[in-house]
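Let's take a walk through the inside of a protein model, starting with its core and ending at a pocket. Have the picture open as you read.

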Amino acid sequence: GSGEIALDELKMMLQDLPTRVTMASDLVFSDNDAERILEAFDEDGNGLVEEAEWSQWIQDGLKRSAEDRESFASMSPLAGKLTAFLNAIESLILAFEPQ
């Protein structure tokens, strides 16, 4: 509720993701993955990911084409997991959009 995500909260969220999002059932993030994500997303270096930083990354990722996302996914196992995460979010958004 603080508008910021600390490392322990990020780890819990990423570990809980497969139980909450059907499309992410095979998505397993390690503690090391969470540490690397926090480091990459923490633009101001305060050891936290602000809601704006997290939301901006998701928005930017969803704007990319499927080809761009797949190209990113091929860069590393973590990039592949992040791409799968974005794809799951996109599927959820589409599922809740009015037809």
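## The nonpolar core

The largest nonpolar core has 19 residues, and those touching the most other members are Leu-10, Phe-29, Ile-37, Trp-54, Trp-57, Ile-58 and Phe-85. A nonpolar core here is a set of buried Ala, Val, Leu, Ile, Met, Phe, Trp, Tyr and Cys residues joined through side-chain atoms within 4.5 Å. Buried means under 20% relative accessible area, with exposed being over 50% and partly exposed in between (1.4 Å probe, protein chains only).

Helix H1 (7-20), H2, H3 and H5 are the elements that give two or more residues to this core. H5 gives the most, with five residues. Helices (H or I, at least four residues) and strands (E, at least two) are DSSP runs, numbered from the N terminus.

A quick note on where this comes from: it is a predicted model, where local features need pLDDT of at least 70 and side-chain atom pairs count only at pLDDT 80 or more, while totals for chains, interfaces and linings use all residues. Residues are numbered from 1 along each chain as its sequence is written, and side-chain values use heavy atoms, with hydrogens and water left out.

## Rings that meet

The structure holds five aromatic pairs. Rings of Phe, Tyr and Trp (its six-membered ring) pair if their centres lie within 6.5 Å; planes under 30 degrees apart are stacked, over 60 edge-to-face, and the rest tilted. Phe-41 and Trp-57 make a tilted pair, 4.8 Å centre to centre with 40° between the planes. This pair links distant parts of the chain, as Phe-41 sits in helix H2 and Trp-57 in helix H3, 16 residues apart.

Trp-54 and Trp-57 have ring centres 6.0 Å apart and planes at 35°, so they are a tilted pair too. They are separated by about one helical turn because they lie three residues apart in helix H3. Phe-41 is buried at 8% relative accessible area, and Trp-54 is buried at 12%. Phe-41, Trp-54, Trp-57 and Phe-85 form one aromatic cluster.

## The largest pocket

Which residues lie nearest the centre of the largest pocket? They are Ile-37, Ala-40, Phe-41, Trp-57 and Leu-82, out of 13 lining residues. H2 gives the most to this lining, with four residues.

On a 1 Å grid over the protein atoms alone, a pocket is an open set of points where a 1.4 Å probe fits, with protein on both sides within 12 Å along at least five of seven lines; lining residues have an atom within 4 Å of a point.
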